[in-house]
Amino acid sequence: MTTVFLCEDSLDGILTGVYEAWGSRLGHENVRLKTDEADTMELFCQYQTVRTDMEKAEKVLRTVRRRMGEKAQEAVCYAAACPDERKADAIYRLIVLGMSMEDGRQAVNCLQNPSVLLVEKLRYKAWHEAERMLGFLRFQELSGGVLYAYMEPPYAVLPLIAPHFADRLLQENWIIHDGRRKQIAVHKRGSGWFLADAGLLNPVRIEERSESEAEFQALWKVFCRSIAIEERRNPTCQKNLLPLRFRPCMTEFQV
Amino acid sequence: MQYTKIPEQLPVMEKLKILSDAAKYDVACTSSGTSRGNNGKGIGSCFEAGICHSFAADGRCISLLKILFTNECIFNCRYCLNRSSNDVPRATFTPDEICELVMGFYRRNYIEGLFLSSGILKSPDYTMELLYQTLYRLRTKYHFGGYIHVKAIPGADPVLIEKTGFLADRMSVNLELPTAEGLRKLAPAKTRDKILRPMRQVQNRMEENRQEIALYRSAPRFVPAGQSTQMIIGATPENDFQILSVAESLYQKFDLKRVFYSAFVRVNDDSALPALPGGPPLLREHRLYQADWLLRFYGFEAGELLSEDRPNFNMVFDPKCDWALRHLEFFPVEVNRASYQTLLRVPGIGVKSAQRIVKARRLGSLDFADLKKIGVVLKRALYFITCRGRTMYPVKIEEDYITRNLLYVKENLPPELRGEMTYRQLSLFDDGMPLSAEEQSILTVGESGPAAGFSRERRIL
């Protein structure tokens with residue numbers, strides 16, 4: 001009988017799932033991994049819920065890095081950020097394949113294997129999404145000089161984009177808020193960044209804007225309007241490059 | 001003509017409106033070419049591939065804060081909105097205003113950096129000095145580490161240009177018009193020589209700088225993202241072949257990173273300018289960019305794509321497809337054996353898929369299904385390639401035949417091979433009609449030879 005391991009929909013959750021599924025000694029073909037969404041249960045399956053354990057996740061990630069190389073580690077991290085229900089099992093199969101190979105570094109190149117191909121495709125999608133978010137994220141200045149950005153991305157890109165801003169805005173205090181996952185990334189001036197629960201935010205404080213904020217927003221809106229050439233107007237092209245789903249959180253498209 | 005000068009106390013909002021509106025006809029808005037982390041003191045980094053922060057209503061990317069320092073100009077170029085004879089509101093920023101704007105926008109992640117151009121205020125030297133002041137302040141006082149693209153003003157003192165180059169990431173001098181003759185006609189104050197001189201200077205200095213950096217790793221970098229230029233397409237009667245040849249020689253002789261093409265927009269009513277009832281020549285601009293890519297990444301030469309007898313691009317097909325149709329003697333190409341350079345010349349195979357093919361065929365031979373997964377556009381490529389000695393369908397290597405089928409852009413299958421055509425009901429009355437060669441080959445499907453192979457492939461599909 002197949003045993004399905006239900007893990008939390010996060011990188012740590014999936015990696016803990018990999019640890020538990022492997023450690024269960026049921027045989028790789030008898031286990032499956034799934035991220036726990038409210039889903040129709042299958043008959044003739046045992047379900048086992050995995051409790052996320054940072055230590056186990058860390059162990060798995062370290063092993064992946066050591067045995068399968070940095071590329072595989074990156075592929076696993078990015079693929080786990082995708083909203084795709086097959087991702088957990090594909091990651092598990094990739095790791096099983098990598099561990100069984102003499103040179104685990106070659107595992108990510110075995111694109112004829114459907115799981116590896118899926119992980120590679122998901123990696124590309126998440127990477128692309130993260131890269132777009134680097135540009136489309138908008139900060140607002142709160143009254144204390146803290147920069148605050150709000151986004152609702154379908155992909156869990158927050159940990160993927162935070163290092164970029166930690167380097168770029170090194171001398172700033174900033175918060176990036178992922179409204180969909182209720183997560184925030186916090187950066188303190190001159191030091192590193194960390195992930196936290198959005199419950200820590202003071203809902204009143206994040207509504208207060210600094211004095212110059214409204215002015216800069218107005219300036220930016222004026223700039224975006226005047227930089228377009230009327231004779232070349234092309235909303236289809238604009239929509240292809242900047243899909244509507246990004247726009248609610250972007251200053252220049254807010255009224 | 002007289003114009004009232006608007007006082008310098010104009011609010012920043014008004015200035016931004018006027019000066020970004022005046023800068024919008026400049027094309028280059030790329031922030032690529034430099035990779036640089038935060039220097040630890042200030043704000044800013046550079047991302048090698050560049051980042052687009054927004055897209056304007058015309059579909060062009062907004063990556064940099066694209067503004068003019070001033071739109072006052074002593075020159076009277078016919079095509080330019082800011083020419084001295086035009087009655088438009090004029091404004092001039094101060095260096096500090098620009099710095100405040102850049103910092104405010106950059107902190108909020110609106111932009112990747114600054115694109116600073118300018119009209120000529122008083123003299124080229126005076127203007128260049130102001131641009132230098134702005135960049136100097138931005139880099140040293142505000143500790144800005146983001147991307148800066150600045151224009152070198154033709155005719156300015158070389159010392160000023162050099163000093164500015166050490167503060168900027170990219171520099172550009174606009175070629176304005178493809179030929180010296182066009183320049184004489186539309187921009188009498190500018191000469192080809194005056195424009196090329198700073199371009200040459202930046203090129204030489206970059207070359208020297210490369211050696212300095214090889215010697216001393218921490219030597220200051222001069223224009224690390226290279227230089228670019230742009231020309232206006234359609235304002236003067238040059239043909240595509242002339243334009244592309246100019247671009248080619250700029251890449252080869254001036255070591256430019258990019259040449260930008262800007263479809264002419266008629267902003268001034270001037271008898272020397274052409275009337276464009278159909279709007280700016282956007283398709284022509286698009287074809288030039290496609291050809292530009294072929295020059296830079298695909299190993300083509302301008303003389304191969306166009307010639308004196310055929311000086312303009314085909315508006316129906318892209319330049320590569322057009323070239324392939326005129327050189328059918330090179331095709332079909334065997335995917336499993338052809339060199340990388342040959343693969344790049346096949347329509348439907350780009351740089352990425354060619355690289356993947358070369359990598360993948362080391363492990364085993366490739367079939368059409370594999371090519372599809374790799375990302376080859378088979379609906380274009382199928383007429384030009386074979387896999388293991390076979391074409392995908394029985395196709396003819398004939399210009400007319402391929403042209404006709406390629407115009408069916410949405411279909412992978414040649415039309416006569418689509419279902420309803422293959423099994424046509426026999427009619428009593430078409431006895432005497434002779435069958436064409438294609439029809440005969442279709443009717444003999446399943447018997448022997450290549451047709452048998454074809455029917456096998458159909459079933460797999």
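The structure is a predicted model, in which local features need pLDDT of at least 70, side-chain atom pairs count only at pLDDT 80 or more, and totals for chains, interfaces and linings use all residues. Residues are numbered from 1 along each chain as its sequence is written, chains are lettered from A and ligands numbered from 1 in the order in which they are written, and side-chain values use heavy atoms, with hydrogens and water left out.

Where the domains meet, six residues of domain 1 of chain A are in contact with five residues of domain 2 of chain A, contact meaning heavy atoms within 4.5 Å. The size of an interface is often given as the accessible area lost when the parts come together. Between domain 1 and domain 2 of chain A, about 480 Å² is buried, with 71% of it on carbon and sulfur atoms. Buried area here is the accessible area (1.4 Å probe) that two parts lose on being put together, summed over both. Of the area that domain 1 of chain A buries against domain 2 of chain A, A:Tyr78, A:Ala81 and A:Pro83 supply 67%, more than any other three residues. Zero salt bridges are counted between the two domains of chain A, a salt bridge being a side-chain nitrogen of Lys or Arg within 4 Å of a carboxyl oxygen of Asp or Glu.

The next interface joins the two chains. Here 51 residues of chain B are in contact with 46 residues of chain A, and the chains bury about 4,300 Å² between them, 60% of it on carbon and sulfur atoms. In chain B, the residues that lose the most area to chain A are B:Arg107, B:Arg108 and B:Tyr110, together 18% of what that side buries. Six salt bridges are found across the interface of chain B and chain A. A salt bridge also links the side chains of A:Arg232 and B:Glu285 (2.9 Å, N to O).

Two single residues complete the picture. A:Lys125 sits in helix 4 (residues 114-136) of chain A; helices (H or I, at least four residues) and strands (E, at least two) are DSSP runs, numbered from the N terminus. With a relative accessible area of 45%, A:Lys125 is partly exposed, on a scale where buried means under 20% relative accessible area, exposed over 50%, and partly exposed in between (1.4 Å probe, protein chains only). Although A:Lys125 and A:Cys82 are 43 residues apart in sequence, their C-alpha atoms are 7.6 Å apart in space. Leaving aside neighbours within four places in sequence, A:Lys125 is in contact with A:Cys82 and A:Tyr155.

In chain B, B:Thr386 belongs to strand 10 (residues 385-386). B:Thr386 is buried, because its relative accessible area is 9%. Its side chain makes a polar contact with the side chain of B:Glu334 (2.8 Å). A polar contact is a pair of N or O atoms within 3.5 Å; within protein, one must be able to donate a hydrogen and the other to accept it, and residues adjacent in sequence count only if both atoms are side-chain atoms. Not counting residues up to four places away in sequence, B:Thr386 touches B:Pro332, B:Val333, B:Glu334, B:Val335, B:Phe368 and B:Thr391.
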